[in-house]
Amino acid sequence: MTMGSSLPPYFGNSDSDLQELARRIGPLQAMAFDVDGTIADAEGSVGERAVAALRALSQAGIEPIIVTGRILPVAADPLRRAGHHGIVIASNGTRIGDLATEEIIYSQPMPEEISRLAIQTGRELGLVTVFTLPDRLVVEVFEEGNRWTQGGYAVFKIDVQDLDTVDPTLVYNVMFGHPDPAYLDSLNTELKARFPYIDRSMTNFYEMTAPGE
């Protein structure tokens with residue numbers, strides 16, 4: 001969809017501006033939503049107001065699509081609560097599920113050698129390494145209640161497990177965490193050298209998926 005040059009350079013957020021923008025865009029077939037920082041609250045929970053909005057879109061014939069870094073079972077929850085059986089793009093795009101058929105229609109795990117390098121890197125640099133698996137998160141060390149870790153884990157089930165025992169072909173996302181953001185800042189060049197596709201996702205975390213995802 002291209003809006004074209006007919007739109008004014010700036011639309012505010014008044015009702016009239018939004019109505020005019022909607023008129024010029026035309027009929028919508030779908031709307032995609034991130035979860036954290038978008039439809040989730042500050043605690044990471046998706047409330048009834050957001051669920052009601054998703055339900056209203058579905059009932060109006062507009063397809064709500066979830067696009068998030070969350071694992072698929074958690075990412076699907078808002079749509080299930082809204083009674084909508086649609087598409088969920090989870091784990092930062094590496095797993096896509098169709099709730100109508102319960103099928104995984106796209107799956108791209110991390111290459112095995114990168115999963116193993118991530119374990120080595122986390123241990124060498126004193127980082128908390130988190131693996132995203134199809135249905136859970138795994139971490140070697142987890143301090144319950146630490147504020148910095150809760151920012152990334154508040155709504156997830158966390159398993160504490162030796163990462164060497166995790167099947168490296170089932171890792172879809174890797175996060176490196178540390179309580180000191182300044183220390184993470186100092187690692188930017190080194191982490192980018194090892195993993196050119198890694199990005200800072202939150203104050204206390206770097207995050208990456210398979211190259212190209």
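Predicted model: local features only at pLDDT ≥ 70, side-chain atom pairs only at ≥ 80, totals over all residues.

Reader: What makes strand β9 largely enclosed by the rest of the structure?

Author: Buried means under 20% relative accessible area, exposed over 50%, and partly exposed in between (1.4 Å probe, protein chains only). In β9 (residues 173-177), 5 of the 5 residues are buried, so the strand is largely enclosed. Strands here are DSSP runs of E, at least two residues; helices are runs of H or I, at least four; both are numbered from the N terminus.

Reader: Which residues of β9 lie on each side?

Author: Asn173, Met175 and Gly177 are on one side, Val174 and Phe176 on the other. Every one of these is buried, and both faces are covered. In a regular strand the side chains alternate between the two faces of the sheet.

Reader: How do you know that β6 and β9 pair?

Author: Two strands pair if DSSP finds at least two bridges between them. Strand β6 (residues 128-132) and β9 share 5 bridges, in the antiparallel sense. Val128 has Gly177 of β9 as its bridge partner. β9 also pairs with β11 (residues 205-208), again antiparallel, over 4 bridges.

Reader: Which strands are called edge strands?

Author: The open sheet has 6 strands in the order β8-β7-β6-β9-β11-β10, with mixed pairing. β8 (158-160) and β10 are the edge strands, since each pairs on one side only.

Reader: Why is the pair of Phe176 and Phe195 called tilted?

Author: Rings of Phe, Tyr and Trp (its six-membered ring) pair if their centres lie within 6.5 Å; planes under 30 degrees apart count as stacked, over 60 as edge-to-face and the rest as tilted. By this rule there are 2 aromatic pairs. Phe176 and Phe195 are 5.9 Å apart, centre to centre, with 35° between the planes, and the pair is tilted. Phe176 is in β9 and Phe195 in the loop between α8 (188-194) and β10 (199-202), so the pair ties together parts 19 residues apart in sequence.

Reader: What makes the pair of Phe195 and Tyr197 edge-to-face?

Author: The planes are 65° apart, and the centres 6.5 Å. Ring pairs link Phe176, Phe195 and Tyr197 into a cluster.

Reader: Is Tyr197 buried or partly exposed?

Author: Tyr197 has 25% relative accessibility, so it counts as partly exposed. Phe195 has 0%, so Phe195 is buried.

Reader: How do you know that the charged end of Arg95 sits over the ring of Tyr172?

Author: A charge sits over a ring if NZ of Lys or CZ of Arg is within 6 Å of the ring centre and within 35 degrees of the ring normal. The charged end of Arg95 is 5.1 Å from the ring centre of Tyr172, and it sits over that ring.

Reader: Which residues touch the most other members of the largest nonpolar core?

Author: A nonpolar core is a set of buried Ala, Val, Leu, Ile, Met, Phe, Trp, Tyr and Cys residues joined through side-chain atoms within 4.5 Å. Among the 22 residues of the largest core, Phe131, Val174, Phe176 and Met208 touch the most other members. α5 (112-125), β9 and β11 each supply at least two residues of this core.

Notes
Residues numbered from 1 in each chain as written. Heavy atoms only, no water.
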